[in-house]
Amino acid sequence: MTAKRHTTSPARVDDDTLLDAARACVLDQGVGRTTLTDVARRAEVSRMTLYRRFPDVRTLITNLMTREFALILDEAQQGVSGLPTARERLVAGAVAGIRALVADPLMRTILDRDGALVLPYVVERLGSTQRLAEYFLQAQLVAGHEDGSVRRADPAAQARATLLLLQSFALSHAPATADVDSDLLFGELTHILDTSLRPERP
């Protein structure tokens, strides 16, 4: 009798199990060398189980990056929840989020090994992680307008401009800190954000 390879039932495996397996594969070999077969084997599920949830590697990696970024953003928000004004929460949360993002093993692996994957989200369109960040920024900006801590302007434009600034720090952190201290650079980011968002004096 031929032994059957053990697989987890589709009804019992959740998305996090599959995404955890994908994360491990990417950390081991990069996105370019990761296949759905690798991920299914790591998750101990059949390939069909994985295909039903994620039909291709691009979809799988997009969901993985969105989950990773959401966790980083949530931790950053929790860490600044006690600050008194929306501007302080936005500035401190944004800087903490970028610090965590550039130190995150998954994000570092993707940028170091497969940097071309993020290029479309810089020159062609905004991705789900960028939209998630923009949603957080806009909510804090609106709260800042209401409590008087943020300069009044169109919140969508403010959020987009802030996103572009933060994105440049995240994507260029490695080369930017080759000859400039990282803490000093983040200090400047804090100053730029706080100064640009502070209400103008009459």
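Two residues are said to be in contact here when heavy atoms lie within 4.5 Å, and the legends that follow describe a predicted model.

**View 1. The two domains of the protein chain.** The protein chain is divided into domain 1, which covers residues 13–55, and domain 2, which covers residues 61–197. Between the C-alpha centres of domain 1 and domain 2 the distance is 28 Å.

**View 2. The interface of domain 1 and domain 2.** On the side of domain 1, 13 residues are in contact with domain 2, and 13 residues of domain 2 take part in these contacts. The area buried between domain 1 and domain 2 comes to about 1,100 Å², and carbon and sulfur atoms give 63% of this area.

**View 3. Salt bridges and polar contacts between the domains.** Three salt bridges are found across the interface of domain 1 and domain 2. A salt bridge is also formed by Arg67 with Asp16, where the closest N and O atoms are 3.1 Å apart. Between domain 1 and domain 2 there are seven residue pairs in polar contact, counted where both residues have pLDDT 80 or more. On the side of domain 1 that touches domain 2, six residues are nonpolar, three are polar and four are charged.

**View 4. The annotated segment at residues 35–54.** The unreviewed UniProt entry places the feature "DNA-binding region" at residues 35–54. In the predicted model, the chain over residues 35–54 is 75% helix and 0% strand, while the C-alpha atoms at the ends of this segment are 12 Å apart.

Notes. Residues are numbered from 1 along each chain as its sequence is written. This is a predicted model: local features need pLDDT of at least 70, side-chain atom pairs count only at pLDDT 80 or more; totals for chains, interfaces and linings use all residues. Side-chain values use heavy atoms; hydrogens and water are left out. Domain bounds come from an automatic or database domain assignment. Buried area is the accessible area (1.4 Å probe) that two parts lose on being put together, summed over both. A salt bridge is a side-chain nitrogen of Lys or Arg within 4 Å of a carboxyl oxygen of Asp or Glu. A polar contact is a pair of N or O atoms within 3.5 Å; within protein, one must be able to donate a hydrogen and the other to accept it, and residues adjacent in sequence count only if both atoms are side-chain atoms. Ala, Val, Leu, Ile, Met, Phe, Trp, Tyr, Cys and Pro count as nonpolar, Asp, Glu, Lys and Arg as charged, and the others, Gly among them, as polar. UniProt positions are given in the numbering used here, feature names are shortened, and annotations may be inferred rather than shown by experiment. Helices (H or I, at least four residues) and strands (E, at least two) are DSSP runs, numbered from the N terminus.
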